[in-house]
2 protein chains.
Amino acid sequence: MTPRIKDILLSTDFGSEVMTRGWVRSRRDSKSGFCFLVINDGSCLADLQIIVDESIPGYHESIGGLLTGASVEIRGELVESPAKGQNVEVKATEIHLIGSCPPEYPLQKKRHSFEFLREIAHLRPRSNTFGAISRVRNRLSFAIHEFFQSRGFLYVHTPIVTSSDCEGAGEMFTVTTLDMENPPKDSNGKVDFSHDFFGKRSHLTVSGQLNVETHCLALGNVYTFGPTFRAENSNTSRHLAEFWMIEPEIAFCDLGGDMDLAEEFLRHLLGVLLEDCAADMKFFNDRIDNTVLATLEHIVASNFERLSYTEAIDELLKAKSANFEYPVKWGLDLQSEHERWLTEKVFKKPVILYDYPRDIKAFYMRQNEDEKTVAAMDVLVPKIGEIIGGSQREDRHDVLVARMKELDLNPDDYWWYLDLRRYGSVPHAGFGLGFERLIQFATGMQNIRDVIPFPRVPNNASF
Amino acid sequence: MTPRIKDILLSTDFGSEVMTRGWVRSRRDSKSGFCFLVINDGSCLADLQIIVDESIPGYHESIGGLLTGASVEIRGELVESPAKGQNVEVKATEIHLIGSCPPEYPLQKKRHSFEFLREIAHLRPRSNTFGAISRVRNRLSFAIHEFFQSRGFLYVHTPIVTSSDCEGAGEMFTVTTLDMENPPKDSNGKVDFSHDFFGKRSHLTVSGQLNVETHCLALGNVYTFGPTFRAENSNTSRHLAEFWMIEPEIAFCDLGGDMDLAEEFLRHLLGVLLEDCAADMKFFNDRIDNTVLATLEHIVASNFERLSYTEAIDELLKAKSANFEYPVKWGLDLQSEHERWLTEKVFKKPVILYDYPRDIKAFYMRQNEDEKTVAAMDVLVPKIGEIIGGSQREDRHDVLVARMKELDLNPDDYWWYLDLRRYGSVPHAGFGLGFERLIQFATGMQNIRDVIPFPRVPNNASF
């Protein structure tokens, strides 16, 4: 396979022959019969500088096409670079233009707005920012697998399409093969989904959690990492209709163990990023948000603060100067302003809140003995607020059924989920981490549409 | 975290104290005041045998509930086992019943049909077969990432929902939030998808290839590994409506390099499986298909045979005794019977066919100079036939446009895909591997519904 620029730039084997292939970022012609080419192959942020003398084979055939965006193959000699900011460059001995690029190429050297780049999402990975995002995204993805695999967690592919009635009805996408112009109708004149592909109305999943619990109660520790969907009409910089989520589920585990894993997980991932994507992270710190490096380094070095929701409310009530938009009282579903106050102002590090009021949390969370709270936890980080949400699951069959009924959920719809509490139930817990939120946090990118290759949002599923 | 049975079984630290948690597979009572419990925690195929004396703490409280399926926590002493087929067992010093299990538990010790187990897909990972499938699936998933990451390929999350007109119209699922009872209509009385969530009719993806090519032509070698969908009404043992696919895309690469990578990839994955899932693979060999171990070992040790489609046709024409259902002639889209003949009878090892007739292959495959064939390749293996399909991509803008027009595809719909050939095009190639087909092949499982946690097929998207 082609040698990568990443490796060439690390080499000190001056005088050796190298071959490189990549795309021209810029060209500068000298008046003395040679030119400087700057090329990039996506293996790293840094470009490789090439000195191309007009005497070498291929020069005259290529030079006309060597514009920004063109692809080239170059053979040459690795030499020490006299230029600032780079150790090596290549003195070409042969050049071959692979694919030309016309001057109307939309991705010229000047900086483009992220809005404009979204319109050419097929080309934007060629820019510095989106190349760096791609490498960070890749490294984090693999680090997630490494983290769980090294701890014996099994990766489970939970389903994307589901006709299970467990999922909340609102904000879901329907998946269908019915003729929408003329769908089959039942005797009441309603659309007859029994003729649909899956024999029943079906949706895109909003979470793999309930499904992955089946494997947790069979195989022990497991995790999902896959796409999830929300048909929420939110045109914000923090929402996507399609995003990737990581959801571990831990067997024989209570909320304390859940918090331990979440903290270890987050610190591990950010540590890997600082170590293995140093150049890309420096780029984000220089160009996007000059606090990201300090924030990440601080988190990696911190023990997260843990306090109960009730204690957090007391802290917030003390915060006279905060001027919250949403007044604080026990029972409030904390807003980003409250979460950020706690993590940014009060504790100045990540905070894990636990034991939330049961009325603001999901039915499957384990009820505490106070009968007012559930064993839920949220991990809060600066600038974002909640980045991880989790809970110990209600593993007591009767308590779970009673809670469903209180919430007007039909236990029959959950027959298989309840079976897990009927047959060898065990305490278990888990959490969810939205992958794009994590990348947004780690890189400082303002808009979540810029941390996923092809964002899906209201009115846009292009490419 | 809880120690796993996998590790306990490997320990030789006899006399040491151990703690284990798991689910009861069976119990055998002796008449002399003790019982044998066999427990499993999903970490491996093997169970752990526990000797529980009636004198130990917890015995009397637990014994009534210690039925198949119950969850338990046991502390005890690791002792050498006198029994055949196991080296260690645990002499319990304390037992605690965590979750009981009633006698009507559907997963009793007897063997159940796979059809029955599909109906309790939420419990089947507790069976030996599906526990083994889960571990094999997990190991292969991670091995796929390890393979590509160690070779510098970047993992790209291509979109699941798309309104791009590039994808073939047939056999796709529509994704919508329109009110299907009463959808908005345009002035012609047709459903007005401009009011749909994405502002346009949208579908579930059938392949990430076209999308991932955008990143290949920016970042070099990349791959996808995600869910893909076919709304094909095929009720067979080889089709799923939702399945996972791996699609690498290699920059600066021709069909030869593509074949090299596919061969290396397949041999690597099967080698990892033989090495790291030895007990599970032995189980499949003993219980499911007694040829799988020999087949996999043979493939790992073989150089794949490579021959052109045209040469393959010649071989098939010589096969007088084969009695093919579909008569052989040049231009035929090879059927499983032909593929299997070549790999099972003629070459007795995996075969890679290349240079297929252009008329039976996709528009994006690179046309060869003979104007009759394209640079496509299929990897064929015994029992399955095609397991990998790939091609060098047509990287010449004008040739690609001409081919689209021949096939009545509208180049405007492919504007962004064509841009990749306009701006710094490079030779590139890739392939697709259906993950479930691979698991089916590796384990010998007859029905593809039994190698994915929750299969989605016509009339069924339960759980």
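A salt bridge here is a side-chain nitrogen of Lys or Arg within 4 Å of a carboxyl oxygen of Asp or Glu. The model is predicted, so local features need pLDDT of at least 70 and side-chain atom pairs count only at pLDDT 80 or more, while totals for chains, interfaces and linings use all residues. Residues are numbered from 1 along each chain as its sequence is written, chains are lettered from A and ligands numbered from 1 in the order in which they are written, and side-chain values use heavy atoms, with hydrogens and water left out.

**Exercise 1. The interface of chains A and B**

Task: Describe the area buried between chain A and chain B, and the residues that chain A brings to the contact.

Solution. 
- Step 1. Contact means heavy atoms within 4.5 Å. Chain A contributes 112 residues and chain B contributes 112 residues.
- Step 2. Buried area is the accessible area (1.4 Å probe) that two parts lose on being put together, summed over both. Between the two chains the value is about 8900 Å², and carbon and sulfur atoms give 65% of that area.
- Step 3. A:His157, A:Met180 and A:Tyr423 supply 9% of the area that chain A buries against chain B, more than any other three residues.
- Step 4. Zero salt bridges are found across this interface. Polar contacts (pairs of N or O atoms within 3.5 Å; within protein, one must be able to donate a hydrogen and the other to accept it, and residues adjacent in sequence count only if both atoms are side-chain atoms) join 41 residue pairs, both at pLDDT 80 or more.
- Step 5. Helix H4 (residues 128–150) gives the most to the chain A side, with ten residues.
- Step 6. By class, that side has 53 nonpolar, 39 polar and 20 charged residues. Ala, Val, Leu, Ile, Met, Phe, Trp, Tyr, Cys and Pro count as nonpolar, Asp, Glu, Lys and Arg as charged, and the others, Gly among them, as polar.

**Exercise 2. Strand pairing between the chains**

Task: Find the bridge partner of A:Val175 in S8(B).

Solution. 
- Step 1. Two strands pair if DSSP finds at least two bridges between them. Strand S8 (residues 174–176) of chain A and strand S8 (residues 174–176) of chain B are joined by three bridges and run antiparallel.
- Step 2. The partner of A:Val175 is B:Val175.

**Exercise 3. The domains of chain A**

Task: Characterise the contact between domain 1 and domain 2 of chain A.

Solution. 
- Step 1. An automatic or database domain assignment sets the bounds: domain 1 is 5–99 and domain 2 is 124–171 + 206–450.
- Step 2. Their C-alpha centres lie 45 Å apart. Six residues of domain 1 and eight residues of domain 2 take part in the contact.
- Step 3. The buried area is about 520 Å², with 44% from carbon and sulfur atoms. On the domain 1 side, A:Arg25, A:Gly42 and A:Leu45 lose the most area, together 80% of what that side buries.

Conventions
Helix = DSSP H or I, 4+ residues; strand = E, 2+ residues; numbered from the N terminus.
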